[in-house]
Amino acid sequence: MVDNGRCSPRSTVVASQRLQFVLLSALAIAAVIIAYAAGSQAPALLGGSVGVIACLAARHRKARVRQSRASVCKQPLHQDTHEEAMRRRASLARSSASLAFDRLAGSGSGARQLKIVLGVGLPMYSAGVAFIISPVLIDAKLAADPRLPGLTMETLPITTTALFAGWLVSSAVVGYITDKFGKMKIVFAGALGLLVCTAAAVGIPPLTGGSIVSLTWVRFVTGMLLPSATLAGVLTQASAPPEWRTRIMVTLNIGSSLVSATMALACGFATKSWDWRWELLLWCGLPMAFAAFVGIPCTSDSLNVPGAAEQREEAYKETDDEAPLSDILADAQTSKSGAGGSSALLSAAMISRIGALATCFGACALGFYGLSYSAGELSPDVYTNSALLALIDVFGFIAALSADSLGRRVVQSCAFGAAAACLLLCGFFETGSALLMACALAGRLCLDVCFTMIYVAVTSSFPQSCQTAALGACQLAARLGGVFAPYCGTLPASVSCPAFGALCLAASVLTLATPESAEPNLCATPLGGDRACRAQ
């Protein structure tokens with residue numbers, strides 16, 4: 001980092017490399033432990049070799065960064081513009097794999113957006129979905145593993161609820177943390193943290209003899225880090241022009257659905273004989289590793305979005321004016337109290353709008369995840385049902401493209417209404433019948449459209465300075481709905497599906513309270529904070 005004619009000792013590049021070196025070392029040790037816990041010498045040797053290679057590669061990269069940084073410091077600093085300095089620092093943080101990925105995608109605005117989708121949005125979004133559905137597909141193997149006597153089909157739903165409980169806890173503070181540090185840093189830290197959680201989920205149960213408490217804590221921490229996967233999708237949208245955002249969200253959802261369908265079919269057929277640890281590493285660990293060590297370093301210069309307070313400060317600098325006292329006090333009060341982001345600047349009309357959209361998030365999350373966890377109640381074949389639900393998601397997300405011509409609010413309201421009708425009809429059919437499965441799939445297809453539209457509403461119906469607060473509240477409501485999803489999955493479909501339908505009916509009406517596009521002057525209180533919105 002260049003500061004006042006000299007290199008700062010706290011360089012962002014060096015700090016990032018040191019963090020990656022520490023985490024790679026920890027993952028190397030975890031790989032050896034996991035391999036020995038599997039009870040086979042071949043996996044042990046493989047894990048040890050991968051760990052040693054990873055550590056040596058990290059040390060080599062660290063040495064290269066030091067040499068490159070030293071050469072940068074020797075160059076005349078007055079000749080560099082701000083943009084050139086940013087590009088130089090970003091290039092120093094890229095590994096050789098990142099540079100290869102950069103050359104593969106090409107250059108230009110379209111290629112830049114493709115790199116963001118393939119390198120950050122899709123891997124993290126898909127891995128986030130894999131974390132959520134893995135209990136449906138893998139918990140049966142955990143319960144059948146003789147080395148894990150403490151894990152049974154009766155106790156494992158507790159760990160699944162802990163996953164959503166952790167997600168709920170972090171959703172309460174994600175707005176404040178994102179405003180303070182910026183979306184990019186939270187996404188990167190979340191990717192690294194979820195990678196460590198994957199290693200813990202693979203290694204801790206065999207070492208503890210299947211302790212339900214240990215697995216519950218691992219999944220709770222995993223849930224606390226899951227908002228980073230959702231935030232990666234929002235960040236991918238925010239980096240694109242407004243006319244691309246719906247298509248990008250549809251692309252991320254379709255990609256994650258295809259990964260989910262492949263995961264369900266593989267767990268039920270192709271990899272059914274595999275140990276559950278390898279399946280977890282494949283579907284949850286590998287995408288996060290790619291995003292953390294390839295995708296994010298390659299696109300960091302395009303995704304480095306500052307927090308709301310930094311955006312307001314830059315807006316005032318551009319207008320050559322001082323920040324209003326109300327904004328200064330609001331920022332100070334937010335930092336002191338730890339409140340959720342920029343909520344101190346929200347007007348009553350904006351809070352009402354956030355409440356309506358948050359209800360839509362809760363209804364969509366409970367219905368969507370509730371159907372996923374009810375796959376075994378629709379018919380006995382849980383793997384086929386999960387694959388069908390994931391494949392119907394693809395068609396539902398494609399149908400969401402109709403919002404480009406009909407409008408986001410109309411499509412979202414109609415989709416919630418159709419989902420309510422289909423899910424309410426499920427209460428009249430018997431378990432295992434074709435009509436029950438057809439209605440459940442139709443309801444899921446409509447919820448897929450809603451799932452896309454509600455995330456588009458965060459970026460289209462709210463000014464940029466209010467988006468973090470809106471996303472935090474909506475994520476909190478979604479996690480409240482998700483907490484009940486695992487237990488709804490244990491109920492008969494004739495009971496759970498009508499409950500999902502009733503919430504969707506309420507969400508259909510409340511959707512009309514969210515406008516098609518943002519109105520900046522509703523963001524702030526009348527005390528002067530609305531200047532931040534007008535500056536956007």
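This is a predicted model: local features need pLDDT of at least 70, side-chain atom pairs count only at pLDDT 80 or more; totals for chains, interfaces and linings use all residues.
Accessible area here means the Shrake-Rupley value with a 1.4 Å probe. On that basis, the protein exposes about 22400 Å².

Now the overall picture. The protein has 23 helices and 2 strands. Of its 536 residues, 55% are buried. Take the contacts with a separation of 6 or more: residues 24 or more positions apart account for 85% of them.

Next, the inside. The largest nonpolar core has 117 residues. Which residues have the most contacts inside it? They are M124, L137, Y369, F416 and Y455. Helix α20, residues 434-460, gives the most to this core, with 16 residues.

Let me stay with Y369. Leaving aside residues up to four places away in sequence, Y369 touches I132, F164, W167, F451, R479 and A485. Buried or exposed? Y369 is buried, because its relative accessible area is 7% and the cut-off for buried is under 20%. F451 is buried too, with a relative accessible area of 9%.

On to the rings. A pair of aromatic rings is described by the distance of the centres and the angle of the planes. The count here comes to 8 aromatic pairs. I will show two.

Start with F164 and Y373. This pair is edge-to-face, with 6.0 Å centre to centre and 70° between the planes. It links distant parts of the chain. F164 sits in helix α6, residues 156-171. Y373 sits in helix α15, residues 348-373. That puts the partners 209 residues apart. Both F164 and Y373 are buried.

Then Y369 and F451. This pair is also edge-to-face. The centres are 6.4 Å apart, and the angle between the planes is 90°. What does the pair tie together? Y369 lies in helix α15 and F451 in helix α20, so the pair joins parts 82 residues apart in sequence.

Now put these rings together. Ring pairs link F164, W167, F368, Y369, Y373 and F451 into a cluster. So which charged residue lies over the face of F368? That is R444, at 3.8 Å from the ring centre. There is another case of a charge over a ring, at F181. K180 lies over the face of F181, at 5.9 Å from the ring centre.

To close, back to Y369. This residue is among those with the most contacts inside the largest nonpolar core, and Y369 also belongs to the ring cluster.

Definitions and conventions
Residues are numbered from 1 along each chain as its sequence is written. Side-chain values use heavy atoms; hydrogens and water are left out. A nonpolar core is a set of buried Ala, Val, Leu, Ile, Met, Phe, Trp, Tyr and Cys residues joined through side-chain atoms within 4.5 Å. Buried means under 20% relative accessible area, exposed over 50%, partly exposed in between (1.4 Å probe, protein chains only). Helices (H or I, at least four residues) and strands (E, at least two) are DSSP runs, numbered from the N terminus. Contact means heavy atoms within 4.5 Å. Rings of Phe, Tyr and Trp (its six-membered ring) pair if their centres lie within 6.5 Å; planes under 30 degrees apart count as stacked, over 60 as edge-to-face and the rest as tilted. A charge sits over a ring if NZ of Lys or CZ of Arg is within 6 Å of the ring centre and within 35 degrees of the ring normal.
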